[in-house]
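This report walks through a few local features of one model, for a reader who is seeing it for the first time. Please keep the sequence and the 3D view at hand while reading.

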Amino acid sequence: MRKRGRGGSRTTPLASKTGRLEGEERLRRKDWKERAKPIRLLLLDVDGVLTNGRIIYDGSGREWKSFDIRDGQGIRLLQRAGLEVGILSGRKSSAVRSRAKELGIRLLRQRATDKGKALEEIMAQKNYPPEQICFVGDDLVDLPVFARVGLAVAVADSVEEVRARAHYITRNSGGRGAVREVCDLILKVQGKWTAVTQEYTGHRDLP
């Protein structure tokens, strides 16, 4: 792996072969906190982000997906703080529709083969400027969205090209707490963490 020399270009954040990232500087660009402060909409890919990317079919051809319960809790905390959460997926699945309904996610775009165009439609519909949107993705089809939003997040096991263009790379993999990690970070950067977790912790002086 090349290191940055004096006057050289920025080292691309890359994951190890095990999917684990090493070192704080490889996890984040220096401005990720500033980018997180104005976020009002968290947009999420599904396969590889809300799930681990695997798809299971039963004998009748029905599709099954597995979601991380911690991600769901993070989404609810973000909603409690007044932020909106949406789903932007290139595939269509009844399991995703059910999960969105369970979590109170009304902004649901499935079968979005052109995610860049879908993002433009969402911004026009919801009146969000790019700097108020965070998108979490993992694969090449997510790059047009990465190029537009204020905070682009890649999960730890994203493809190399996505990690290279992310403002933040999670420590956790897709379907294994990556979304929860992003939710918690946004809440803490925006100073809303204590208020939304107080009923569980009973404390007002948490960081």
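## Terms and basis

Helices (H or I, at least four residues) and strands (E, at least two) are DSSP runs, numbered from the N terminus. This is a predicted model, in which local features need pLDDT of at least 70 and side-chain atom pairs count only at pLDDT 80 or more, while totals for chains, interfaces and linings use all residues. Residues are numbered from 1 along each chain as its sequence is written, and side-chain values use heavy atoms, with hydrogens and water left out.

## Two loop residues with positive phi

Most residues other than glycine have a negative phi. Asn127, which lies in the loop between α5 and β6 (133-137), has a positive phi near 65 degrees although it is a residue other than glycine. With a relative accessible area of 66%, Asn127 is exposed, where exposed means over 50% relative accessible area, buried under 20% and partly exposed in between (1.4 Å probe, protein chains only).

Arg111, in the loop between β5 (107-109) and α5 (115-126), is not a glycine either, and its phi is positive at about 55 degrees. Arg111 counts as exposed because its relative accessibility is 56%.

Two strands pair if DSSP finds at least two bridges between them. β1 runs parallel to strand β4 (residues 84-88) and is joined to it by 4 bridges, with Leu44 standing opposite Ile87 in β4. β1 and β6 likewise run parallel and are joined by 4 bridges, and here the bridge partner of Leu44 is Val136.

## Packing of α3 against α8

Helix α3 (residues 69-80) packs on helix α8 (residues 178-189) at an angle of about 25 degrees, with the axes 7 Å apart; axes are lines fitted to C-alpha atoms, for helices over the stretch in contact, and angles run from 0 to 180 degrees between N-to-C directions. α3 is therefore roughly parallel to α8, since angles under 35 degrees count as roughly parallel, over 145 as roughly antiparallel, 65 to 115 as roughly perpendicular and the rest as oblique.
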